[in-house]
Each structure stands twice: as C-alpha cells, then as structure tokens.
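Please read the following alongside the sequence and the coordinates.

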Amino acid sequence: MYNIILIILLQLIYVPFLTLRTIFLVKNVTLLAAIFGMVEMLIYVFGLSLVFSGDQSILAMIVYAVGFGLGIFVGAKIERKLAIGYVYTTINTQQKNEELVSFLRSEGFAVTIYVGEGRDSNRYKYEILTKRNREAELFKIVEQFEPNAFIISYEPKSFKGGFLLDRMKLK
C-alpha cells in the first residue's frame with residue numbers, strides 16, 4: 001500500500017514538472033526547462049521502478065496512469081496561476097470610448113487606437129500588449145466599460161521595442 005501512495009504522489013509531482021518544462025521550452029526559457037527536465041527524469045525513473053519492481057501488480061500500473069491524469073490537471077492549474085508570458089489583445093467597439101482608454105492607461109495598460117471601416121459604420125480597435133497574468137483583469141475592465149465589445153486575445157511568440165518593454169527596463 002505504501003508503494004501505491006508513493007506512486008500517485010510521484011506522478012502528482014512528475015507530471016506538473018513535465019507540463020512546466022514544456023511551457024518553458026515553448027517560452028524559450030531553456031535553463032529552467034533543462035533544470036525541470038533533470039528533476040522530472042529522476043522522479044520518472046524512480047516512479048517507474050516502483051511500478052515494475054516486485055510483483056508488477058495491475059493496481060500499481062492503474063494508479064500510475066491515474067496519477068498521470070491527475071498530474072496533468074494539477075500541472076495545468078499551476079501553469080494558469082503562473083501565467084508566464086504576454087498576451088496581445090484586440091478590442092473592437094462601435095464608438096470611441098475615451099473613458100475606457102483613460103482608465104486602461106491609468107491602470108498601466110498601453111493602448112493603441114485605430115479607426116476602421118465596419119459594415120454599417122466606423123469601428124474602433126484598441127490594441128494592448130500586457131503580461132498574461134493581467135489578461136483576466138483587462139477583460140473585466142473592458143466588460144465594465146464596453147459590455148458589447150468584441151475581444152480577441154493572442155499569445156505573441158516574440159516582440160521588440162514599444163512602451164511595455166521600456167517600462168520593464170525601468171523596473
């Protein structure tokens with residue numbers, strides 16, 4: 001029974017490490033990815049050796065698989081909390097909302113505004129680049145000022161220059 005509990009605990013550590021290592025690789029944080037990879041493999045080998053040692057019970061194999069699934073869930077929760085990286089958000093409105101723009105800027109968001117031609121009238125497009133951990137806050141602010149706004153959010157792979165990078169250098 002001790003081995004069964006240990007197997008599930010190891011999976012709950014191993015799989016979140018796997019998830020974070022993958023995210024760090026995608027975000028080009030290679031040193032952390034390498035460190036997480038080493039720890040991940042130590043846990044993996046130890047956990048697998050527990051599963052295949054002794055009588056190789058079916059229960060140990062099932063617990064290993066269940067632990068893997070639970071580990072994916074835990075890893076995704078951790079990644080969402082860390083919110084590593086940036087988002088590029090586009091907001092479209094029917095009228096120019098100076099109050100929204102002023103409030104966003106006062107909250108530290110850099111906003112660029114464009115006027116576009118919609119089917120029936122002009123549309124106003126606001127472009128914002130921010131840290132991913134502020135995405136929910138941004139959506140909430142826009143919802144307060146413009147409940148009918150159309151919002152799209154992307155994760156940029158790379159960028160250079162601009163207001164956000166200048167502010168980050170100051171800190």
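E40 touches Y14, F17, L18 and R21, not counting residues up to four places away in sequence; contact here means heavy atoms within 4.5 Å. The place of E40 is in helix 2, residues 30-52. Helices (H or I, at least four residues) and strands (E, at least two) are DSSP runs, numbered from the N terminus. E40 counts as buried because its relative accessibility is 2%. Buried means under 20% relative accessible area, exposed over 50%, and partly exposed in between, with a 1.4 Å probe and protein chains only.

The model is predicted, so local features need pLDDT of at least 70 and side-chain atom pairs count only at pLDDT 80 or more, while totals for chains, interfaces and linings use all residues. Residues are numbered from 1 along each chain as its sequence is written, and side-chain values use heavy atoms, with hydrogens and water left out.

Next come the helices. Two packed helices are described by the angle between their axes and the distance between the axes. Helix 1 (residues 2-26) packs against helix 3 (residues 58-82) at an angle of about 40 degrees, and their axes are 7 Å apart. Axes are lines fitted to C-alpha atoms, for helices over the stretch in contact, and angles run from 0 to 180 degrees between N-to-C directions. That angle makes helix 1 oblique to helix 3; angles under 35 degrees count as roughly parallel, over 145 as roughly antiparallel, 65 to 115 as roughly perpendicular, and the rest as oblique. The contact of helix 1 with helix 3 is made up of 21 nonpolar residues, five polar and one charged. In this division Ala, Val, Leu, Ile, Met, Phe, Trp, Tyr, Cys and Pro count as nonpolar, Asp, Glu, Lys and Arg as charged, and the others, Gly among them, as polar.

Y64 is found in helix 3. With a relative accessibility of 14%, Y64 counts as buried. Leaving aside neighbours within four places in sequence, Y64 is in contact with I7, Q11, Y44, G47, L48 and V51. The C-alpha atoms of Y64 and T22 are separated by 21 Å, and these residues are 42 apart along the chain.

An open sheet of four strands has the order 2-3-1-4, with antiparallel pairing; two strands pair if DSSP finds at least two bridges between them. Strand 2 and strand 4 are the edge strands, each pairing on one side only. On average, neighbouring strands of this sheet are turned by 20 degrees against each other, direction ignored.

How many bridges join strand 1 to strand 3? Strand 1 and strand 3 (residues 122-131) pair in the antiparallel sense over eight bridges. The bridge partner of I91 in strand 3 is Y126, and that of N92 is K125. Strand 1 also runs antiparallel to strand 4 (residues 150-154), joined by five bridges, with I152 in strand 4 as the bridge partner of T90. Strand 1 (residues 86-93) is largely enclosed by the rest of the structure, because six of its eight residues are buried.

Helix 4 lies across strand 2 and strand 3 and runs at about 155 degrees to strand 2. F109 lies in the loop between helix 4 (98-106) and strand 2 (110-117). F109 counts as buried, at 2% relative accessibility. Apart from neighbours within four places in sequence, F109 is in contact with L104, I128, T130, R134, E137, L138 and I141. F109 and R134 are 25 residues apart along the chain, and their C-alpha atoms are separated by 9.5 Å.
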